[in-house]
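Subject: Structure handover and notes

Hello,

The structure is below, followed by notes on what was found in it. Please read the notes with the coordinates open.

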Amino acid sequence: MFEVMLKELRELLRDRKTLFFVIALPIVIFPVLFAFVAFLTSKAALEAEQQVHTFYVVNEDYARPFADTLFYHRSFKRYDGDAKLDSVEALRDAVRQGIIDVGVYIPAEPDKQLSLGNQTRFQVVFNDAQSINYIYSRVKKVIDEYSATLREQALGELGVAVDKQAAILKPVEMEKVDTADQRENIGEKIGAFIPYMLIPLVLMGASYPAIDLGAGEKERGTLETLLLTPLTRTQLVLGKFFTILISSIACALVTVSSMSVWIWIASGFGALDPILSAFATVNQWDFLLIFALLLPVAMMLSSLVLAISIYARSFKEAQNYMGPLSMFVFVPIVVSVLPNMTLTAKTAWIPITNVALAIKEIVKGTVDYQAVGLIFLASTLLAGALLACCVRWFSREAVLFR
């Protein structure tokens, strides 16, 4: 068995394609890709924040202070064109045609309506089908400030002192006292996405060697020679299985190590200080536990991809089977991020979902070690069953030479 494993490892190390996907891609491509996406996102957010919006206010004389505030606002410039904009429909058409970015329709004079006990509804017309859009928040802030001024004036006319207005308008104010620490808060938001990186990487690290060790052997015609060796089918499968398992774990470890280095480099710029301070309490035992949880997952996926590769007639057919398998792996990861999904005695028996939930709880610092024990039991049993099926699959001549 170990002779087969060493032989397969030597062949994998000679295969440039496998080395690229298992080592080079995680070290260089993924971090650069993540950094490029982060750069584009921050650039888009900066451009949206610095963008100056063209506005037009219908009936601006009804609320002159509000219109003047928009006029002198650094993020807005007034439309001075010849288009006739006198209704909500006209503003909507102007926004769609790109003549203006935002229009505000004022139906009546707010101060007079307030004296009559009526509210005035400002209609803000803009295109909200953008991922990063500051128009509404900026206009709302100006409207809120203008509304606060009118409210203060009205209360003053009623004889309410300025220092008492806040208490009268809001007699009871709620203050949030959060029992969760910074690690738990950030871990809830970020910890759920760590399995999105680790588990697919385990699958990727197992897929390419498995295709080569199964379907690749068939295409090269070396499988028959391997079957003539004085080794049992179980020993042959175990040798290939441990080779794939080492490759999958190595891919995950290389990627995590690479990302750690890049995060450490980024921390020098101070951009990740809150996250780093929160994760400073994650000790080496937590990382070892995450690694230990990945082992049965790697065993399950290694057995599965090896069985698929043995069944496939050719390298191309094996690649076609890996696509649906990737979707199959992503589904339980998505289930783990659904609302109110927590690690319990029941969810600990759901394959892959249980590991994803456990990793999130470890990052949060709220892991239940009894549930982790159930996860090890469930994952190990499933991995053993899949490996047994793979051995039985490899023992069937109809499968090997179909």
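Relative accessible area is used throughout: buried means under 20%, exposed means over 50%, and partly exposed lies in between (1.4 Å probe, protein chains only). The model is predicted, so local features need pLDDT of at least 70 and side-chain atom pairs count only at pLDDT 80 or more, while totals for chains, interfaces and linings use all residues. Residues are numbered from 1 along each chain as its sequence is written, and side-chain values use heavy atoms, with hydrogens and water left out.

Salt bridges

A salt bridge here is a side-chain nitrogen of Lys or Arg within 4 Å of a carboxyl oxygen of Asp or Glu. By that criterion the structure holds eight. Helices (H or I, at least four residues) and strands (E, at least two) are DSSP runs, numbered from the N terminus.

Glu 60 takes part in two of the salt bridges described here. With Arg 64 the N to O distance is 3.6 Å. With Arg 78 the closest N and O atoms are 2.8 Å apart. The latter pair links distant parts of the chain: Arg 78 belongs to strand E2 (residues 76-78), and Glu 60 sits in the loop between strand E1 (53-58) and helix H3 (64-72), 18 residues apart. Glu 60 is buried at 14% relative accessible area, whereas Arg 64 is partly exposed at 30% and Arg 78 is partly exposed at 33%.

Lys 140 and Asp 144 form another salt bridge, at 2.9 Å from N to O. Both residues are in helix H6 (residues 135-157), four residues apart, about one turn of the helix. An α-helix has 3.6 residues a turn, so residues three or four places apart point the same way. Lys 140 is partly exposed at 39%, and Asp 144 is partly exposed at 38%. Elsewhere, salt bridges with shared partners join Glu 60, Asp 61, Arg 64, Asp 68 and Arg 78 into one network.

Aromatic pairs

Rings of Phe, Tyr and Trp (its six-membered ring) pair if their centres lie within 6.5 Å; planes under 30 degrees apart count as stacked, over 60 as edge-to-face and the rest as tilted. There are ten aromatic pairs in the structure. One of them is Phe 66 with Tyr 146, where the ring centres are 6.2 Å apart and the planes are at 45°, so the pair is tilted. This pair links distant parts of the chain, with Phe 66 in helix H3 and Tyr 146 in helix H6, 80 residues apart. Phe 66 is buried at 1% relative accessible area, and Tyr 146 is buried at 10%. Phe 241 and Phe 242 form an edge-to-face pair, 5.3 Å centre to centre with 65° between the planes. Phe 241 is buried at 2%, but Phe 242 is partly exposed at 29%. Ring pairs also link Phe 66, Phe 122 and Tyr 146 into a cluster.

Helix H4

Which residues of helix H4 (residues 88-97) are buried? They are Val 88, Ala 90, Leu 91, Ala 94 and Val 95. These residues cover an arc of only 160° around the axis, which puts them on the same side of H4; the arc is that of the directions from the helix axis to the C-beta atoms. Arg 96 and Gln 97, on the other side of H4, are exposed. The cover over the buried residues of H4 includes E1, strand E3 (102-105) and strand E4 (123-126), with contact meaning heavy atoms within 4.5 Å. After H4 comes Gly 98, which has a positive phi near 80°.

Asn 340 has a positive phi of about 65° although it is not a glycine. Ile 352, also not a glycine, has a positive phi of about 70°. Asn 340 is placed in the loop between helix H15 (315-336) and helix H16 (353-364), and Ile 352 is likewise in the loop between H15 and H16. Asn 340 is exposed at 77% relative accessibility, whereas Ile 352 is buried at 5%.

Regards
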